[in-house]
Amino acid sequence: MDSAKQADESKKGHEKPRSAKDRFGGAIFVVGSLLVALVAEFLLPRLIEDSSVRNILMTICCNAVVALSLNVINGMAGQFSIGHAGFMALGAYTAALIVSAMHTSFGGGTLPPTSFDHDYLVAFGHSFAIVPVALLAGALVAALFGLLVGLPSLRLRGDYLAIVTLGFAEILRLSVATTRLGNDETVGEAVHAIGGPNGFFGPVFHVGSVFLSSLGGKKGYSGPDGAGVPLYAGPFWVIFITALVALVAWRLKFSGWGRALRALREDEIASEAVGVDPTRYKVTSFVISAFGGGLAGALYAIMRDGNPVVQPDSFTFQTSFDAITMVIIGGSGSVTGAILGAVFVTVTVKLIELVQHADVVQNLSSSLEAHGFSLDLNALRMMIYAGVIIALMVLRPEGVFGEREPFFKKRMRTREGAPA
Amino acid sequence: MRIAHPTRALRTKTGTPLLSIEGLEVHYGGIRALKGISLSIDQGEIVSVIGANGAGKTTTLKTISRLLPITAGTIRYDDRDLGAMSTEEVVEAGISLVPEGRAIFPNLTVRENLELGAFHHKHRQTMAETMEDVTKLFPRLGERLGQDGGTLSGGEQQMLAIGRALMARPSLLLLDEPSLGIAPKLAQQIFAAIRTIAEAGMTILLVEQNTRLALSVSRRAYVLRTGEVSLEGDAKDLAKNEEIQKAYLGGV
């Protein structure tokens with residue numbers, strides 16, 4: 001063989017001069033997305049006057065965060081979690097509670113319309129205090145639950161994680177949806193009863209019930225005075241956070257950590273033999289995934305043009321399944337694929353909603369109802385996804401992109417000599 | 001060749017073995033796979049463990065790597081008790097396993113496979129040096145650094161598995177059936193490489209079904225039979241042993 005070539009090959013490991021793009025790529029990306037997000041904050045409401053269209057764009061971003069975070073555990077680590085909606089719910093409720101509380105302490109009232117006057121700028125300024133706290137809290141609560149769920153179930157191989165995550169998400173949703181106490185007792189009052197004549201554990205349990213009940217049950221949580229959760233996260237926050245998450249997902253994938261995950265997915269015994277601790281890596285990726293799920297849920301709960309009520313029905317098994325669809329369609333393990341999967345799923349959801357509300361369909365639906373039938377196009381969506389997934393299984397079992405990153409040909413492999 | 005870790009100072013005094021196993025018992029569920037075996041390896045030695053299928057050879061290696069739980073007995077390595085360590089700690093302590101059946105990562109490149117071997121020392125310079133040593137030892141790997149591991153031939157995959165284990169700069173190398181399912185010519189090459197590694201000062205515990213090959217490179221050997229050590233001794237003596245010739249070398 002060509003010995004000069006070999007020498008050249010082995011030298012690469014030593015000192016590969018890193019280009020400016022390599023060194024500052026992350027920083028450039030962050031600054032760039034900050035600028036784009038700022039411009040969007042002020043231009044988007046003028047360019048797109050229809051708030052439902054803005055809602056689609058923002059939802060695409062939120063779903064991208066959902067897909068990117070689920071991709072860490074389902075795609076990169078190869079474990080099957082089907083309860084992502086549970087973490088989203090945790091993030092959403094936490095963020096909604098915090099935003100409501102902070103909004104009240106900042107003076108309350110309704111948020112000003114986006115007319116770029118003084119009031120609007122003040123609210124935008126406040127969002128810099130409120131949004132990061134709410135998002136971080138939502139993500140951290142979800143991550144904490146991720147640790148609690150992941151520690152026992154990831155020690156085992158196989159389908160345990162799927163069963164546990166599904167159960168977890170449903171228990172969480174049903175606890176919130178069904179806990180309604182008849183009285184107006186506040187959490188504070190319930191806390192005062194601890195250590196009273198009823199002892200300790202009874203009242204503590206009661207505090208939990210009162211808290212869950214204060215989340216509004218099936219109707220959902222709609223802010224401190226029922227006027228809706230103040231939606232502080234405008235296009236700036238939604239776009240910027242999504243960009244940040246995409247950057248982190250990208251970095252994770254191509255780090256030594258991501259490579260260890262890929263190794264673990266390929267051969268668990270061999271990775272153990274080189275010193276990768278499977279449980280530690282799986283639990284860490286699950287916690288990261290839960291963190292991202294909480295972040296997405298939090299963003300979803302407080303995004304402008306979104307729904308000002310956080311409802312348990314937004315976090316059903318259907319939501320988890322949509323997230324899985326995004327990851328599978330795009331290609332498990334692919335960051336680009338996850339984003340495109342999110343776009344596909346969001347757009348089909350919204351398109352079908354639009355068609356459902358069209359006059360023709362409404363007329364047809366009501367005439368059918370007269371004969372005792374009902375027409376729910378949302379069911380059609382599941383058929384489309386099922387069809388797409390079956391077609392993919394036959395034609396491209398690895399998803400549209402597999403693990404690859406299209407448009408980024410140069411960095412498809414782990415960076416050479418990346419520290420593990 | 002600088003494959004052994006230069007800074008990994010071993011506390012072993014001359015005369016005490018690098019690895020010593022005493023009364024080791026291992027169960028797979030209710031089945032007693034190892035029934036109290038004892039063996040020891042001095043620093044710089046190649047010791048092989050031979051025996052038929054199901055004798056407990058692989059189990060022994062996996063237990064040393066702490067991939068299997070110990071029922072009874074002790075494993076001491078350089079004055080340390082391996083029984084209390086996790087697989088990761090064993091790798092860090094300087095014991096690398098080349099698993100049976102060339103367990104490489106097929107969808108990772110050869111380079112990535114090798115870099116994963118160096119999972120524990122994050123120093124770029126050391127890693128690059130070791131990589132150089134490994135590609136010198138197995139030039140074929142050097143030619144195929146950018147290729148996916150799964151596209152290599154069986155023999156090359158075995159080289160990759162050994163190279164990956166060497167990347168950890170171990171003091172003790174555990175080899176599980178390096179000749180399994182490999183063309184005889186490539187098996188010869190691999191055993192030549194094992195000799196080279198040993199000459200560089202590596203201590204090697206070799207598990208092998210190919211008794212002739214195993215005895216030809218080792219100094220001492222243990223014969224396992226259904227979870228017990230049935231014979232042990234100098235490799236040259238064992239090669240002449242009538243019982244072994246009958247059972248494993250196909251008669252005289």
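## Around B:Leu174

In this predicted model, B:Leu174 touches a set of residues beyond its neighbours within four places in sequence: B:Leu61, B:Ile64, B:Ser65, B:Ile95, B:Ser96, B:Leu97, B:Val98 and B:Leu205. The residue itself belongs to strand β7 of chain B, which covers residues 172-176.

How accessible is B:Leu174? Its relative accessible area is 0%, and because buried means under 20%, B:Leu174 counts as buried. For a sense of distance within the chain, take B:Leu24: 150 residues separate it from B:Leu174 in sequence, and their C-alpha atoms lie 17 Å apart in space.

## Helix α6 of chain B

Let us turn to another element of chain B. Most of α6(B) is covered, with 13 of the 14 residues buried. After the helix comes B:Arg169, which has a positive phi, near 50°.

## How α6(B) packs on α7(B)

Two packed helices can be described by the angle between their axes and the distance between those axes. For α6(B) and helix α7(B), residues 184-199, the angle is about 15° and the axes are 9 Å apart. Since angles under 35 degrees count as roughly parallel, that is the label for α6(B) and α7(B). The crossing of α6(B) past α7(B) is right-handed.

Which residues make this contact? From α6(B) come B:Gly155, B:Gln158, B:Met159, B:Ile162 and B:Leu166, and from α7(B) come B:Leu186, B:Gln189, B:Ile190 and B:Ile197. By class, the contact of α6(B) with α7(B) holds 6 nonpolar residues, 3 polar and no charged.

## α3 and α9 in chain A

Chain A has a helix pair of its own to look at. Helix α3(A), residues 51-76, and helix α9(A), residues 235-253, have axes that come within 9 Å and cross at roughly 20°. The two helices are therefore roughly parallel to each other, and α3(A) passes α9(A) in a left-handed crossing.

On the α3(A) side, the contact involves A:Met58, A:Cys61, A:Ala64, A:Val65, A:Leu68, A:Val72 and A:Met76. Their partners in α9(A) are A:Pro235, A:Val238, A:Ile239, A:Thr242, A:Val245, A:Ala246, A:Ala249, A:Leu252 and A:Lys253. Sorted by class, the residues where α3(A) meets α9(A) comprise 14 nonpolar, 1 polar and 1 charged.

The axes of helix α4(A), residues 84-105, and helix α6(A), residues 160-178, come within 8 Å and cross at roughly 40°. Are these two helices roughly parallel or oblique to each other? They are oblique, because the roughly parallel label is kept for angles under 35 degrees. A:Gly86, A:Phe87, A:Leu90 and A:Tyr93 of α4(A) make the contact with A:Phe168, A:Ala169, A:Leu172 and A:Val176 of α6(A). These contact residues divide into 7 nonpolar, 1 polar and no charged.

A:Ala169, a residue of helix α6 of chain A, deserves a look of its own. With a relative accessibility of 5%, A:Ala169 counts as buried. Setting aside residues up to four places away in sequence, A:Ala169 touches A:Gly83 and A:Gly86.

How values were computed: Residues are numbered from 1 along each chain as its sequence is written. Chains are lettered from A and ligands numbered from 1 in the order in which they are written. This is a predicted model: local features need pLDDT of at least 70, side-chain atom pairs count only at pLDDT 80 or more; totals for chains, interfaces and linings use all residues. Side-chain values use heavy atoms; hydrogens and water are left out. Buried means under 20% relative accessible area, exposed over 50%, partly exposed in between (1.4 Å probe, protein chains only). Helices (H or I, at least four residues) and strands (E, at least two) are DSSP runs, numbered from the N terminus. Axes are lines fitted to C-alpha atoms, for helices over the stretch in contact, and angles run from 0 to 180 degrees between N-to-C directions. Angles under 35 degrees count as roughly parallel, over 145 as roughly antiparallel, 65 to 115 as roughly perpendicular and the rest as oblique. A crossing is left-handed if the near helix is turned anticlockwise from the far one by less than a right angle, and right-handed if clockwise. Contact means heavy atoms within 4.5 Å. Ala, Val, Leu, Ile, Met, Phe, Trp, Tyr, Cys and Pro count as nonpolar, Asp, Glu, Lys and Arg as charged, and the others, Gly among them, as polar.
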